[in-house]
Amino acid sequence: MTQLVSRAEGVRFDELALATRNHGMQLEGMRYDITPIGMHYLLIHFDIPEIDPSSWRLRITGCVKRGLELSLDDIRSRPATTIPVTLECAGNGRTAMDPRNVGQPWGLEAISTAAWTGTALVGILDDCGIRDEAVEVVFTGADRGIQDDVEHNYQRSLSIRECRRPEVLLAYEMNGGALPPQHGFPLRLLVPGWYGMTSVKWLRNIEVVDRPFTGFQQAVNYRYQRDEADPGVPVSRIRVRALMIPPGMPDNPSRRRTVDAGAVVLRGRAWCGTSPVVRVEVGVDGVWHDARLNREPAEFAWCSWSYTWDARPGAHRLSCRATDADGNVQPAEQIWNRLGLGNNLIQEVPVTVR
Ligand SMILES: Nc1nc2c(c(=O)[nH]1)N[C@H]1C(S)=C(S)[C@@H](COP(=O)(O)O)O[C@H]1N2
Ligand SMILES: [Mo]
């Protein structure tokens, strides 16, 4: 069963084991528009499955007029697009929640942007012909394990309407090379704008269904809940967030920052899965200043921002917050939920200026 631990209890060994398997992106990786592959964060619930690409097939079944079985070559020969997409794990920031759910103990680093190449899901669904009674599409990965005593393959569903968005891809390349094993080789779903759990890796089956899917990762996990009895609300799109590259140099291991006095260019990224980011502000000791925001033409990738800070000697508290086009702004106080999901609390970076 899901366990909550308080900060006072420290870090558990199983959390540490998860942290070494699933790494985050070093925040200085926000320098790059496209995250180098080895720096891209990872979240793997079970084991990376072993897949032979020559015998691998993608099966499309269920409420369709014609079922399909496609080889990797069949998929690669379809029309292809490449788009930069920012992925964020829904558990990003989990360790700031108190008490927290025992799961991947992310700080703020479960965020990355890759250039994904693939073919539009809608093209394949149209070739199969979705029948009228269809309501959702279930995506099944080849990875299998047990979570909360439930044995299952990793599976998620999406509404037909979401599946029809042209930017929802079946992706087989990342940053111009073959998809690496840890990111879903040979094929993964990629749903821009949604938290990462939706983008099923190691895809092997797509089933069009006539009733809402009730699998573990859909109906039990990934819900905003007050407590275990609360059915909660499903987690979907990425909430607005800005992060800064911690300035100056860190202390090892505390990672507290030391910065030289003078003009310091603070830089970072901001993103949102529901509407464009329209504003980023930098907080210096609680006073907010507008940062310069570079609205990137890419709709589903983070944008960069910068702010020149006149750093004076002493201890300071830096922060940043983003606002989206619907007026959503990041909260100053934690909005707690049982599984520690969708946390977009304002980042705080204490620094000492010398
Ligand atoms: N089959 C499968 N797909 C999966 C997962 C998984 O464990 N198994 N993890 C999901 C989660 S929670 C996230 S955040 C993203 C992470 O993608 P990445 O590891 O390529 O960054 O993959 C998603 N797709
Ligand atoms: Mo995730």
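**Backbone notes**

Let me start with Arg255, which is partly exposed at a relative accessible area of 46%; partly exposed is the band between buried, under 20% relative accessible area, and exposed, over 50%, taken with a 1.4 Å probe on protein chains only. Arg255 is not a glycine, yet its phi is positive, about 65 degrees.

Before going on, the ground rules. This is a predicted model, where local features need pLDDT of at least 70, side-chain atom pairs count only at pLDDT 80 or more, and totals for chains, interfaces and linings use all residues. Residues are numbered from 1 along each chain as its sequence is written, chains are lettered from A and ligands numbered from 1 in the order written, and side-chain values use heavy atoms, without hydrogens and water.

Where does Arg255 sit? In the loop between E16 and E17. Strands here are DSSP runs of E with at least two residues, numbered from the N terminus.

That loop, from strand E16 (249-250) to strand E17 (257-259), also holds Pro253. The peptide bond joining Asn252 and Pro253 is cis, with omega about 10 degrees.

Another cis peptide bond links Phe185 to Pro186, again with omega about 10 degrees. Pro186 is in the loop between strand E10 (177-178) and strand E11 (188-190).

Is Asp148 buried or partly exposed? Partly exposed, with a relative accessible area of 25%.

For context, most residues other than glycine have a negative phi, and most peptide bonds are trans.

How values were computed: Helix = DSSP H or I, 4+ residues; strand = E, 2+ residues; numbered from the N terminus.
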